[in-house]
Amino acid sequence: MTNLQNLLKADKITIARAITQVENGTDPKLLEEIFPHTGNAYYIGITGPPGAGKSSLVNAIVPKLLENNKKVGIIAVDPTSPFSGGALLGDRIRMNDLALNENVFIRSMATRGSLGGLASKTKDVALVLDAAGMDYIVIETVGVGQVELDIAQVCDTTVVVLVPESGDAIQAMKAGILEVADILVVNKGDRSGADRLILEMKFAFELRAHNTDWHNPILKTTAIENIGIDELVSTIKSHKEHLEKSGKLEIERKNKLTLRVNELIEERIKSHLHEYVIDQKQLKKMIDKAYERKITPQYIIDEIAKKIF
Amino acid sequence: MSKDNWKEKFSKLKERDINFSNLSKIKINPLYTPDDNKDFDYEKDLSYPGEYPFTRGVYPNMYRGRLWTMRQFSGFGTPKDTNNRYKYLLKHGQTGLSVAFDFPTLYGKDSDDPMSLGEVGKCGVAIDTLRDMEILFDGIPLEKISTSMTINPPAAMLLAMYIVVGEKQGVPKEVLTGTIQNDMLKEYQAQKTWIYPPEPSMRIITDILEYCSENVPKWNTISISGYHIREAGSTALQELAFTLANGFTYVDYGINKGLPVDTFAPRLSFFFNSHLDFFEEIAKYRAARRIWAKLMKDKYHAQDPKSYLVRFHTQTAGCSLTAQQPENNIIRTAFQGLAAVLGGTQSLHTNSMDETYALPTEKAVKIALRTQQLIAYETGVPNTIDPLGGSYYVEALTDELEKLTYEYFDKIETLGGVVPAIEKGFFQREISRSAYEYQKALEKKEKYHVGVNIFEEKENVEIELLKIPEEVEIDQNKSLKNVKQERNNSKVKSTLIHLRNAAENGENLMPRILDCVREYATLGEMCGTLKEVFGIYKEPIIF
Amino acid sequence: MEKKIRILIGKPGLDGHDRGAKVIAAALRDAGFEVIYTGLHQLSESIVEAAIQEDVDIIGLSILSGAHMTIFPKILDLLKQKNAEHIIVIGGGIIPEEDIKKLLKMGVKRIFTPGAPTNEIVYYIKSIIH
């Protein structure tokens with residue numbers, strides 16, 4: 001329990017350790033303990049293709065979020081190498097301005113096999129930061145080049161960052177962008193092609209049939225020079241206000257919770273199945289038979305299902 | 001006997017089981033013959049020394065006239081410590097000076113800056129104000145020696161200090177000879193010493209080009225450096241291609257500023273590495289001369305033949321030295337120095353055996369200097385010009401490197417040129433990958449490094465090392481404090497304001513920097529002023 | 001699930017020679033470690049703060065500038081002040097034998113000099129963590 005108290009006091013070593021335990025699944029009780037203390041932070045997602053300047057954008061917006069003595073937790077996700085299982089986590093390089101701020105906690109995460117823009121434990125790690133009293137939690141996705149839909153299932157406001165150079169890549173991901181972007185940012189806005197990209201995206205948003213009263217704003221920034229950052233932060237805040245006033249925040253958070261609970265049920269069932277129901281040796285034998293076309297895959301499934309139903 | 005005959009005999013014989021390729025991954029044949037130089041045209045591809053395209057050398061007489069300048073890079077501790085070392089080196093036959101600055105100076109920070117903690121005087125000499133520069137060159141007549149200064153973001157300030165020291169010695173700036181490195185492009189790519197973003201850095205560089213072409217005509221304004229690209233892990237080919245691409249970028253910027261190419265191109269010089277693979281290095285220097293001459297003539301339409309010349313300094317490869325069996329480094333360095341001389345270098349630094357441990361001792365530096373003196377006075381190598389010219393192997397390798405360099409130029413072009421390619425991390429990624437591949441090749445024993453992965457020995461050899469006392473930092477800060485008390489602080493302030501205005505309105509910065517220097521403004525104050533206008537550079541994340 | 005080894009590779013001070021740090025970072029990744037790379041020109045304070053927040057097992061510092069006798073003690077001291085002495089500190093760079101002995105005495109766990117093979121470093125780290 002002292003750990004929980006230290007965590008609630010935002011002691012950095014305790015937070016860091018708790019995150020490791022959540023990430024490694026070594027203390028299943030921990031999430032139980034902290035859950036009642038979560039739900040207070042506002043979650044902001046930053047996603048976009050590689051080279052869009054996501055980390056620079058985080059580095060630029062966080063100082064504004066910190067105003068009025070607020071606390072900000074940052075989770076930066078980078079890919080795990082599928083060959084070695086290792087990862088190079090370099091997003092902090094871009095966030096050095098924040099490194100020594102008392103009210104900022106930055107954690108890098110490797111995807112560890114997850115295929116989307118987040119690690120499978122990112123949501124739980126965010127809960128730790130939430131319980132530790134962060135007012136905002138900023139999550140930066142991997143940025144593998146496709147739109148990472150999972151971010152929108154975690155965050156209240158999702159910001160999609162593009163750069164004029166993303167050109168061709170955008171065509172392929174346009175539908176996805178339209179789906180997840182509460183706010184669209186064209187970063188490196190001083191480069192040629194920025195205005196054309198903005199027009200193009202405006203047009204795409206307009207074409208989309210929507211019955212929402214939030215008109216997805218498109219903003220231009222140059223993160224490393226701090227240009228357009230004030231406007232971005234105030235847009236994030238007005239999106240927050242919009243969600244709160246319209247009652248959507250509650251609805252969406254309940255949806256997210258439902259989604260999460262369903263996910264966890266599936267995970268639980270899956271691991272139960274593999275640990276207690278399916279006899280791996282027997283399965284292997286049946287696979288051998290199926291390979292020889294003596295039985296069918298459907299037969300195997302029926303055999304296993306018999307044990308459950 | 002026919003070639004086929006030899007081929008057949010050769011194929012029946014045993015070959016050593018190693019990877020026969022050089023460090024640029026060019027496959028090396030067992031034998032080169034006239035067939036490998038089939039399109040060879042002596043007048044066009046080689047010509048005579050001092051004649052276009054200068055493959056055989058930039059001067060008609062080369063070392064028959066004058067040997068290369070023996071220039072040992074050196075600096076440590078306080079300006080007084082380094083002044084003593086310079087006098088020692090000059091006494092032992094060194095013919096030019098080459099200043100190594102400490103890290104705070106290289107980054108334009110004062111010795112009392114929090115980031116300078118522990119770094120003052122460690123890797124070079126600490127310079128904060130004109131006062132330090134006066135001490136550094138005390139008793140050294142600037143009209144008689146040439147000085148090379150390895151300095152990049154604050155190059156303008158250090159040059160200004162040198163000019164003012166000259167004035168005080170009664171030496172007009174028109175006769176000063178020497179070099180400032182002033183090559184920011186390779187900093188973003190490899191050496192990572194930066195302050196401002198690339199565009200303002202390029203503006204400062206072109207200001208220096210303009211100022212020097214009118215006022216310090218004998219000064220080498222940029223030393224376009226492959227050395228650091230190589231040390232950061234590139235191959236010889238990448239060193240060659242990236243260095244020349246950077247050189248052409250400076251030419252582009254100079255021309256865009258409105259300077260006629262022949263007013264500044266003759267003052268551009270180069271700085272290359274000399275690494276382990278002997279013939280590859282020699283071919284690299286020869287290819288560099290030919291490529292530069294061709295493009296300066298055909299693409300940039302320079303008229304002055306001096307604009308065609310790759311005059312270069314060489315330093316042996318620091319990254320090839322080993323902590324294991326350090327005496328072997330003397331021999332390694334000798335081979336590398338020999339390659340540089342066979343490649344026609346204009347000046348040479350030979351590394352000392354102890355540099356994987358610390359800055360070199362006096363004894364180690366003397367052996368390194370003697371190494372070049374042996375090449376110069378005992379081997380007979382300098383007695384004929386480009387002795388390897390016409391070697392089937394060296395000519396084929398020179399052609400191959402030239403061809404592959406053009407391929408890199410095309411790649412850089414498609415990325416939008418050197419500066420955009422830096423922003424996209426192209427060079428950084430290429431260099432990091434080569435460094436990692438080389439390390440892996442060593443660990444898999446595809447390449448050998450004596451003492452490291454072959455002929456290893458268990459016990460360590462004890463060698464004597466140079467120690468920089470911790471008092472250096474205290475002494476330097478004391479003298480900085482004194483200068484700040486003695487100078488006219490209101491004058492300093494007003495010269496800094498003028499510098500700031502010049503930075504904002506685009507006028508040439510050099511005269512303003514000279515004003516600041518004369519009032520003993522510190523390096524940190526001048527660079528800090530420019531930082532307010534130009535902003536600071538942040539590195540992209542590249543692995 | 002096997003515990004992932006997390007290591008921070010830092011370049012403290014003004015030294016810009018990042019070839020070694022990057023080669024090591026890539027080699028450690030290829031050995032299955034999670035490597036946090038903080039980039040160039042870091043204050044000791046930032047490195048320690050990052051190491052704490054990232055809950056790394058080890059800090060690996062690369063110093064080629066000769067400032068090792070200032071920076072290593074400072075890092076060790078900051079770790080102590082922040083109750084983070086459980087984080088192991090190792091290093092590499094241009095560091096004379098005499099100084100290595102002193103640093104080991106102060107609490108630096110191991111110093112690698114130029115030419116150390118990356119697999120030796122990987123093996124060493126695995127041996128002290130597991």
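Predicted model: local features only at pLDDT ≥ 70, side-chain atom pairs only at ≥ 80, totals over all residues.
In chain A, the domain assignment gives two entries, domain 1 (38-246) and domain 2 (261-308). Taken over C-alpha atoms, the centres of domain 1 of chain A and domain 2 of chain A are separated by 40 Å. Helix H11 of chain A covers residues 297-308. At 1.5 Å a residue, its twelve residues should span 16 Å, and the end C-alpha atoms are 17 Å apart, which agrees. The number of buried residues among the twelve of H11(A) is zero, so this helix lies largely in the open.

The two chains touch each other. Five residues from chain A and four residues from chain B make up this contact. On the side of chain B that touches chain A, two residues are nonpolar, two are charged and none is polar.

Within chain B, a pair of helices deserves attention. Two packed helices are described by the angle between their axes and the distance between the axes. For helix H20 (residues 489-505) of chain B and helix H22 (residues 523-534) of chain B, the axes come within 9 Å and cross at roughly 35°. The crossing of H20(B) and H22(B) is right-handed. From H20(B), the contact is made by Leu496(B), Leu499(B), Arg500(B), Ala503(B) and Glu504(B). The residues contributed by H22(B) include Met526(B), Thr529(B), Leu530(B), Val533(B) and Phe534(B). By class, the residues of the contact of H20(B) with H22(B) comprise seven nonpolar, one polar and four charged.

The loops of chain B contain several backbone features to note. Most residues other than glycine have a negative phi, and most peptide bonds are trans. The peptide bond from Tyr52(B) to Pro53(B), however, is cis, with omega near 0°. Pro53(B) is found in the loop between helix H2 (42-46) and helix H3 (62-65) of chain B.

A positive phi of about 55° is found at His301(B), although this residue is not a glycine. His301(B) belongs to the loop between helix H13 (278-298) and strand E9 (312-316) of chain B. With 10 other C-beta atoms within 10 Å, His301(B) is exposed, because a residue counts as exposed at 12 or fewer.

Gln325(B), also not a glycine, has a positive phi of about 45°. The loop that holds Gln325(B) runs between E9 and helix H14 (328-342) of chain B. Gln325(B) has 17 C-beta neighbours inside 10 Å and therefore counts as partly exposed.

Note on methods
Residues numbered from 1 in each chain as written. Chains lettered and ligands numbered in written order. Contact = placed C-beta atoms within 7 Å. Nonpolar A, V, L, I, M, F, W, Y, C, P; charged D, E, K, R; others polar. Axes fitted to C-alpha atoms, helices over the stretch in contact; angles between N-to-C directions. Helix = DSSP H or I, 4+ residues; strand = E, 2+ residues; numbered from the N terminus. Left-handed = near helix turned anticlockwise from the far one by under 90°. Expected span 1.5 Å × (residues − 1). Buried ≥ 20, exposed ≤ 12 C-beta atoms within 10 Å, placed from the backbone. Domains from an automatic or database assignment.
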